[in-house]
Amino acid sequence: MKISNFSVVGQRSIRVASCDNVPPLMVVAGPNGAGKSTLLNAIRTQYGYANIMYVGPHRAMRRQHVQQRHLLTSPISMESLLAIPNLPGVEGVRISDSARDPWGQDDSASYLKHALCQIEIDRQQAITAKVDRDGYIRPGELADPWMPLRELTHSLLPHLTFERIDASSRDHVRVLWRVHGMNGEVDIDDLSSGEKSVIQMFYPLIERDIKAMIQSMGEAGGAAVRPELCLLIDEPELHLHPNLQLKVFDYLRVLTSGTGTQVILATHSPTMVEYATFEELFLLRPVELVPAEQNQLIQIATDDERLQFIRNVFGATTNLTALQPIVVVEGVAEKDASKVLPDRKLYRALHSSFDKVTIIPGGGKSECKALLRSINAAFSDYSNQLKAVALLDRDVDDGSDEELIKLLPVSMIENFLLDANSIWEAIQSVIERTGFSTVDDIESALDEVVNLYADKEIGRRAALKLGASHFYPPATLSNILPESVAYVQEVGTRYSPQAIDEAQRFAEQIVRQLAVDRRRREEFHGKEILNEFYRLYLHKTGLSKVVFTFEVARYSKRRRSVTSFFEGFFGNIGIQG
């Protein structure tokens, strides 16, 4: 049966989760522990299992030794097995647990090999019955009952071809496939986890057609009539490559489009969540983030424009569906980073509490501030208990007057890594190739790099003192020339020799004072100094820069200054280490 609406109340971690208009394909996302598995199990229980097929989250396909004598006993229907709460015992089928719920091993897939082999026995018996009845079979008269399985496999697993059921041995019946067009046949037990996962998930949907073709073999008749059906799938992405996840999702869309089949799935897959439309995508919120009596299950967006806005603001829909506090940091997303360690990984290496938040790289400082405001405005639609904060490089700033913005106590995150002891620990695997014998050697090398960088630091600070300048031509064309002339004059004044000299003297004074205060490693441009240290002393050792940076961060987390800052930061946003 198709489910038009449901309301789940008082089930484990669900206080209230309801939907008044269930779409043909419903995707339920949300963090671990929110109750997605509980929701699917409650739906099937609530509607009495009638024409509701359920694929649980803890599924596996055990190897089965199939003997012909077992195929002639109790008939197996995979469609029926997925619609019952407990698995029956069937002679010859080895299972460990008969319960079918989200909290135990679901062994229903272990019946699949026997079910396929039974169909082959039925096919052979149907052919025998026809010969006995008619005395002959005309060429091309018999349809191929395995065609639905071949078409399913070709659609989702084109590298895989169903060959035949080999019943030549009564004591060892095999279900044979050809993989990647290679010579030799492979039994279903020897297929990959992902291949078996797809077959066991969707074979029950074509089983009725296969059986109908066998039953009507040699007689006029069409495909079997299927009643309306709701298929519940918990974590369909298990064992599947992201590209295959997309193919499965497209298959589900075709399956539910204009047919009597409905699919409700719960998923953690970023691929599926990002691919879902606004009509399909729902968010199940943990009970602690929702006021009493409020529905925990909500549609993420009510139109395409809003969903695209959410994806743009959060960087990915899964950054929202994680429903964790968000920390906006400077830097680019991992997919845009090349041969560098993204700041997200650096932060996680520096303190374990970053695993309890979602880190979103926001670009430059001004972009991060704008993103912070947008995220907090969007967050209010999903929970008033979640917020985003920004953790930004201090660069040459002294502080911020915005409540949700925290500046690092150093110029940038890499400054935490300019520590001789941490570097010494991080390079032990290649230490014999470095020329370093002691931690003091690394101290001296760091000082040398810092000394070499002093002039660049003066230039950096002088440039920041002078500030950037931009000209945007006005829309009124007649104003472009006079405004551009005025802008050129302004630039000439801002960057005059006198202004440059003044900025240089200002920067030189600061850099001298940093040397006196022994703060150069904390206040200079940490990223460039770390990169220069690697280039001069480690580039030829074979240790990659990404690995070096990560390892230094991992050892730097033990520094007292690092621990103290991050514990205070997380304490202020209500996260305890």
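Tyr251 is a buried residue, with a relative accessible area of 16%, which puts it below the 20% cut-off for that label. Keep in mind that this is a predicted model. Tyr251 has an aromatic partner, Phe202, and that pair is a handy way into the rest of the tour. By the ring-pairing rule, there are 21 aromatic pairs in total.

**Phe202 and Tyr251**

- A pair of aromatic rings is described by the distance of the centres and the angle of the planes.
- For Phe202 and Tyr251, the centres are 5.0 Å apart and the planes sit at 65°, so this pair goes down as edge-to-face.
- The two residues come from distant parts of the chain: Phe202 belongs to helix α6 (residues 193-215), while Tyr251 belongs to helix α7 (residues 242-256), and 49 residues separate them.
- Phe202 is buried too, since its relative accessibility is 0%.

**Phe249 and Tyr275**

- Helix α7 also holds Phe249, and its partner Tyr275 is in helix α8 (residues 270-275), so this pair ties together parts that are 26 residues apart in sequence.
- Buried or exposed: how does Phe249 count? With 0% relative accessibility, Phe249 is buried.
- Tyr275, on the other hand, counts as partly exposed, at 32% relative accessibility.

**An aromatic cluster**

- Elsewhere, seven names turn up together: Tyr347, Phe354, Phe416, Phe565, Phe566, Phe569 and Phe570 make up one aromatic cluster.

**Charges over rings**

- Lys465 has its charged end over the ring of Phe506, at 4.5 Å from the ring's centre.
- Arg554 does something along those lines with Tyr555: Arg554 lies over the ring's face, 4.9 Å from the centre.

- Where is Leu72? You'll find Leu72 in the loop that runs between α2 (68-71) and α3 (78-81).
- Leu72 is exposed, because its relative accessible area is 58% and the label applies over 50%.
- Leaving aside residues up to four places away in sequence, Leu72 touches Ile121 and Gln125.
- Leu72 and Asp122 are 50 residues apart along the chain, yet their C-alpha atoms are 9.5 Å apart in space.

Definitions and conventions:
Residues numbered from 1 in each chain as written. Predicted model: local features only at pLDDT ≥ 70, side-chain atom pairs only at ≥ 80, totals over all residues. Heavy atoms only, no water. Helix = DSSP H or I, 4+ residues; strand = E, 2+ residues; numbered from the N terminus. Buried < 20%, exposed > 50% of the residue type's maximum accessible area, 1.4 Å probe, protein only. Contact = heavy atoms within 4.5 Å. Phe/Tyr/Trp six-rings, centres within 6.5 Å; stacked < 30°, edge-to-face > 60°. Lys NZ or Arg CZ within 6 Å of the ring centre and 35° of its normal.
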